[in-house]
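Hello,

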Number of protein chains: 4
Amino acid sequence: MNSEFINENDLVFLVLDDRRKWLIKAKSGEEFHTDRGIIYFNDLIGKPYGSVIFSKPYETQGYKFCVLRPLPSDYILHMKRKTQIVYPEDAGLILIYTGISPGSKVIEAGCGSGALTCILVNYIRPDGHIYSYDISQKNIERTIKNLKKAGLQRFATVQYGDITNDNLEHNNIDSVVLDMPQPWEAIENVDHYLKLSGTIVSFSPTIEQVKKTTFSLKNHGFFDINTYELIKRKIQVKENATRPFTRMVGHTGYMTFARKIQDLQNPYREKKPFKKEYINFNGMPLRG
Amino acid sequence: MNSEFINENDLVFLVLDDRRKWLIKAKSGEEFHTDRGIIYFNDLIGKPYGSVIFSKPYETQGYKFCVLRPLPSDYILHMKRKTQIVYPEDAGLILIYTGISPGSKVIEAGCGSGALTCILVNYIRPDGHIYSYDISQKNIERTIKNLKKAGLQRFATVQYGDITNDNLEHNNIDSVVLDMPQPWEAIENVDHYLKLSGTIVSFSPTIEQVKKTTFSLKNHGFFDINTYELIKRKIQVKENATRPFTRMVGHTGYMTFARKIQDLQNPYREKKPFKKEYINFNGMPLRG
Amino acid sequence: MNSEFINENDLVFLVLDDRRKWLIKAKSGEEFHTDRGIIYFNDLIGKPYGSVIFSKPYETQGYKFCVLRPLPSDYILHMKRKTQIVYPEDAGLILIYTGISPGSKVIEAGCGSGALTCILVNYIRPDGHIYSYDISQKNIERTIKNLKKAGLQRFATVQYGDITNDNLEHNNIDSVVLDMPQPWEAIENVDHYLKLSGTIVSFSPTIEQVKKTTFSLKNHGFFDINTYELIKRKIQVKENATRPFTRMVGHTGYMTFARKIQDLQNPYREKKPFKKEYINFNGMPLRG
Amino acid sequence: MNSEFINENDLVFLVLDDRRKWLIKAKSGEEFHTDRGIIYFNDLIGKPYGSVIFSKPYETQGYKFCVLRPLPSDYILHMKRKTQIVYPEDAGLILIYTGISPGSKVIEAGCGSGALTCILVNYIRPDGHIYSYDISQKNIERTIKNLKKAGLQRFATVQYGDITNDNLEHNNIDSVVLDMPQPWEAIENVDHYLKLSGTIVSFSPTIEQVKKTTFSLKNHGFFDINTYELIKRKIQVKENATRPFTRMVGHTGYMTFARKIQDLQNPYREKKPFKKEYINFNGMPLRG
């Protein structure tokens, strides 16, 4: 993935301008047709990423295209998809607040079209693994296809599974990522799969989902439960016309984070001062 | 870093409540004093992360503390620091939009107190490397100390260096992260260090910095130059009192992203239709 | 209120700097003590608003104070108050979206400390009237005191009244402003008081209040029901340090607006195409 | 304007649904064609505002239309216009922070299409006046037409005038509203027209305009100079799908407010402690 030069079958990010960008596989001998002329992949292969190439004359002209190595955000926004997607800023916050990083073992449910899966896989390499579940065969197929396209399939296992009902037979999972309509129904199972100090995040567009998920997390003894949303502003930078852009996404979704901690018995659940008789000489609770 | 159990000298994240959290090294035989009693590290060592322990009775009571494995965001917010810091949401967007990920070779200037350095190092493991420069010896020392504390020092080289003037003798760098007062003065050098298709991000609190940096990026032929800011809202989730929190950080900073592309000569710089006579039979410009 | 010169007993807005501002009555022969010296009201009276005066030497120095005519926003932020207040930006949106303006007859419930009452009264002058109700005698007293202080009491009637239960014996009211914990319980009564095409606004900090109020408005046949919130950013403008301020109010509250329309019978309630048999030759419904 | 019943030639706000709304004059004997049938104004005249009427059958059906009394925000958003407009939330903040209210004498430059003029006129009634200037005859004509449509023309004088150059021969003006490309060039003149304690607001989309205007206000001795922007979020309220709307206006513009104060000589300009020798026995400066 980090080679300097474009190889056959590499996924490249072809950019004409702000509106015309493609995530596409460089197949030897094949071509890609745009409304600004044809790109012959043989013109790309062997060149360094970051090269500028020209489309074969459309009528009498060629257009300049940049051939970039795709970034995670390019995966998200330019994949063929049919489901709502996680935005780059949300994916970034999920990484930081869950701690998903190289080596992490992660459960994802559901996988949607695989945009977030591709991001996560990129960051758990080379020793981590993503176990991705969905109850839609179409989503599973799309995700596998997108992972293959990105050459990342060996770091992920994508399969059918209902995290709210099935025993998925995991344990010691570092993080769980829920991107599903009823995340609160998954909390009980998630609790079994996660290791202590493991993290969970649920991404939901509505406040009702956030409430149900938060209360379920509380009931299952999760700790440090916090919900955030991000508003991203793009700034127009011009000599005498600097200002935020007029159009902006008003809401992507809420992210609810929590951590699993040791399950003490009820009297010790509350963060109130601990009564003397419950403490033994080591400062540890006698029952708990 | 991913062991299940707390070892001697591990960095642990000790949490009493929302306001009282500490990032601290578990030193065998030593203790940590809080206003809610004493934590004896020997009580922690050998326990799994995520355990709940009790402070030694303060007067007649013990208090419940959670001992968590520190997340990247815990590093950022609970380090001893004297400089402005990059917030978790901004660090996340930087990861996603620069593509900094396992294996990346990254230049960072300056390192500040090392909060962002620790985050970046966490994500380029195990094969990448962060080359971090600063012109303040105090910042360099603080960053090295914080990296050591986190056990991440072998993935980073932190040293004195002025990216605006010195020849730092890098090439084929994947990404450059600028967190310095005059980022625009660094662009010319950065251009030499970056590989084609490599990314740059500059984090700046003021709009004047954004403008100068953007214009410098344009002048040096960078591509896909975009500036964003993130507004993070924390949501209070309660049965009958769900609402955004009253207090909120109004502005962390702007992030300006760009990508390096092949440097064509002037006539080919513009995204205008390419005249026929400049195209040879391979679709490549005859002069360029 | 619009005289050019400060008269005895006028309410003046005394400003030392951004943090030290007072809304205060200019009482002849009296004085006002600050940590930057004493203001003698006789120094103010007879001067034009907008004058700069100096405190009597505190030790050996005097400090510059501006004496301004108070604006509505000064009333809101510098009144003595014990309840949550409506912020200036929210008060402004309420004016525009309810259409409360000179001549309007308005019911307000509850009055809180009278900050919003003072704003509304200022804008319905000289021919409108505010009927303000509260179930707390303290709030009523505070509001009356604040109105008197501002010299606006003749445009308002502030009295005890429970809008959810009492028959307040109003009709043909132009607008109703609800600033109370359970606004949804007031909708049925409000419906009787409002004239056709009249407007209602409810200000609530939580999303649960918004939901209950919205559903009650729908059930009572209100039209054009919309909920908004405003985020106000203050910008620091400096030669080389222009940026939004770091600190910002994260949430003031939600405002739900609606309009009263004619109450047609059920078959005509829905905005769906009207069946032929229900239309007479004039295009008006036969029953409705 | 506040009559209960729709009279001939009244401006009415005709609403079919969220996307189909018209601000239109009820002309006796005339009709209005929509894609959902014809509205005969004779069906409206004499009915109370807030009535529901039906379009004359389009093929075999009639559609329900609400006939509302237009609110200020309806004027803003549904006027025929060709220039950028001030949004309702911004108009509201301008009212509150300038103190423009019944009785105010106000200069507006420029008038654009008159949307803000109509709002302001509505709130200075019945004793105030708006003096509105523009350097575009088209804007002046549009504004006069819109004021007449709203029946508000007697409270405003709209005429050609260049506030940056012409002597407009005003004094003792309460507030000045600048909505023009180069507001900073108007500050010197505005200073002459405003009375002491009078207010100025400038509405500008870009940060460069804000900076130049702010520095000009400072140079001319204005006080309490503050810049704000408002972000308005619309909330979707549904039983199980409550959330901010996905689409949102990202930026309307910045509003810079200031107040005119007494012009003391230079040594007294600064807010620093005043030296003893400059104070006479009354606490007033000897020179100033």
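Below are the findings, starting with how the chains are related and then moving to details inside chain D.

Please keep in mind that this is a predicted model.

**Chains A and B**

Chain A can be laid on chain B by a turn of 180 degrees with a shift of 0.0 Å along the axis, and the RMSD is 0.1 Å. The two copies are thus related as by a two-fold rotation axis. Both copies use the same surface, since 99% of the contact residues of chain A recur in chain B.

**Chains B and C**

Chain C superposes on chain B as well, through a rotation of 180 degrees with 0.1 Å of shift along the axis and an RMSD of 0.0 Å. Here too the same surface serves both copies, and 100% of the contact residues of chain C recur in chain B. In chain C the residue that comes closest to the rotation axis is Met248(C), at 2.9 Å for its C-alpha.

The contact itself takes 17 residues from chain C and 17 residues from chain B. On the side of chain C that touches chain B, helix H6 (207-219), strand E13 (243-244) and strand E14 (247-249) each supply at least two residues. The largest share comes from E14(C), with three residues.

Three bridges join it to strand E14 (residues 247-249) of chain B, and the two strands run antiparallel. Within that pairing, Met248(B) stands opposite Met248(C). This is the Met248(C) that comes closest to the rotation axis among the residues of chain C.

**A sheet in chain D**

Chain D has an open sheet of four strands in the order E2-E1-E6-E5, with antiparallel pairing. Strand E2 (21-25) and strand E5 (51-54) stand at the edges with a single partner strand each, so one side of each is left without a neighbour in the sheet. On average, neighbouring strands of this sheet are turned by 30 degrees against each other, direction ignored.

For the pairing of E2(D) with its partner, five bridges join strand E1 (residues 11-15) of chain D to E2(D), in antiparallel fashion. One pair to find on screen is Leu14(D), which stands opposite Trp22(D) in E2(D).

**Two helices in chain D**

How do H3(D) and H4(D) cross, left-handed or right-handed? H3(D) passes H4(D) in a right-handed crossing. The axes of helix H3 (residues 115-124) and helix H4 (residues 137-149) of chain D come within 9 Å and cross at roughly 45 degrees. That makes H3(D) oblique to H4(D).

The contact is made by Thr117(D), Cys118(D) and Val121(D) from H3(D), and by Thr143(D), Asn146(D) and Leu147(D) from H4(D). These residues divide into three nonpolar, three polar and no charged.

I hope you enjoy looking through it.

Best wishes

Technical notes
Residues are numbered from 1 along each chain as its sequence is written. Chains are lettered from A and ligands numbered from 1 in the order in which they are written. This is a predicted model: local features need pLDDT of at least 70, side-chain atom pairs count only at pLDDT 80 or more; totals for chains, interfaces and linings use all residues. Copies are superposed by least squares on the C-alpha atoms of residues with pLDDT of at least 70 in both. Two residues are in contact if their C-beta atoms, placed from the backbone, lie within 7 Å. Two strands pair if DSSP finds at least two bridges between them. Axes are lines fitted to C-alpha atoms, for helices over the stretch in contact, and angles run from 0 to 180 degrees between N-to-C directions. Angles under 35 degrees count as roughly parallel, over 145 as roughly antiparallel, 65 to 115 as roughly perpendicular and the rest as oblique. A crossing is left-handed if the near helix is turned anticlockwise from the far one by less than a right angle, and right-handed if clockwise. Ala, Val, Leu, Ile, Met, Phe, Trp, Tyr, Cys and Pro count as nonpolar, Asp, Glu, Lys and Arg as charged, and the others, Gly among them, as polar.
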